[in-house]
Amino acid sequence: MHSSSDSLTSDEEEKDYKFPTYDDDRLAWYHKVLWVIYTIATVNSLVTSVFFWSMVHREQGINGRTITFHIFNSVFMLLDTVLSHIPVQLLHVIYSHVSLAVYVSFTVIYWAVGGRNEQGQRYIYDALDYQKKPGVAVFTVFLLILICQPASHLVFYALVRVRRWLVIKINETW
């Protein structure tokens with residue numbers, strides 16, 4: 001414990017502990033690219049896991065591949081967010097929206113040109129069957145874009161805010 005004479009107030013400590021600033025104009029281009037890729041990877045890892053375990057896993061079953069692709073990716077990204085010092089900005093949700101729009105476009109093109117999944121069906125996932133279940137597919141896409149992605153982005157934003165708060169609190173005790 002610190003005595004009041006040798007400790008700083010929390011406002012002074014927050015000023016004393018210098019969090020790095022992320023001025024876009026001062027970052028090198030490769031840091032900007034990394035930040036965009038990181039944002040896409042974090043948000044979409046959680047969206048992928050939620051989508052898979054809520055809508056797809058019954059048709060594909062549970063095995064080492066599904067666990068690696070649809071659990072470990074989210075766990076690693078959550079850990080990376082907690083342990084790294086990479087910030088998450090609210091407006092950067094647009095990057096994951098663009099990546100999902102590209103993926104949805106790919107699924108439509110894949111279906112339109114006759115692409116087949118591992119079981120020989122004309123869709124990648126049953127929830128994205130544009131031929132037999134177009135309503136479900138459109139609903140799924142809008143659910144992912146309008147609900148899942150913003151919610152996932154908010155989870156990572158909240159983690160970064162908690163991480164920042166913890167750093168300040170730990171700094172107060174040292």
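This is a predicted model: local features need pLDDT of at least 70, side-chain atom pairs count only at pLDDT 80 or more; totals for chains, interfaces and linings use all residues.
I take buried to mean under 20% relative accessible area, exposed over 50%, and partly exposed in between, with a 1.4 Å probe and protein chains only. Residues are numbered from 1 along each chain as its sequence is written, and side-chain values use heavy atoms, with hydrogens and water left out.

Entry 1, salt bridges. I counted a side-chain nitrogen of Lys or Arg within 4 Å of a carboxyl oxygen of Asp or Glu, and the count came to 3. E118 pairs with R65, the closest N and O atoms being 3.3 Å apart. E118 sits in the loop between α4 (93–112) and α5, and R65 in helix α3, 53 residues apart. I looked up their accessibility: E118 is exposed at 63%, and R65 is partly exposed at 45%.

K133 and D126 meet in a salt bridge at 2.8 Å, N to O. K133 is partly exposed at 32%, as is D126 at 24%.

Entry 3, within a helix. I take helices as DSSP runs (H or I, at least four residues), numbered from the N terminus. K169 and E172 both lie in helix α5, 3 residues apart, and their side chains form a salt bridge at 3.7 Å, N to O.

I found T39 in helix α2 (residues 29–60). T39 counts as buried because its relative accessibility is 5%. Leaving out residues up to four places away in sequence, T39 touches H92, Y95 and H153, where contact means heavy atoms within 4.5 Å.

Notes: Helices (H or I, at least four residues) and strands (E, at least two) are DSSP runs, numbered from the N terminus.
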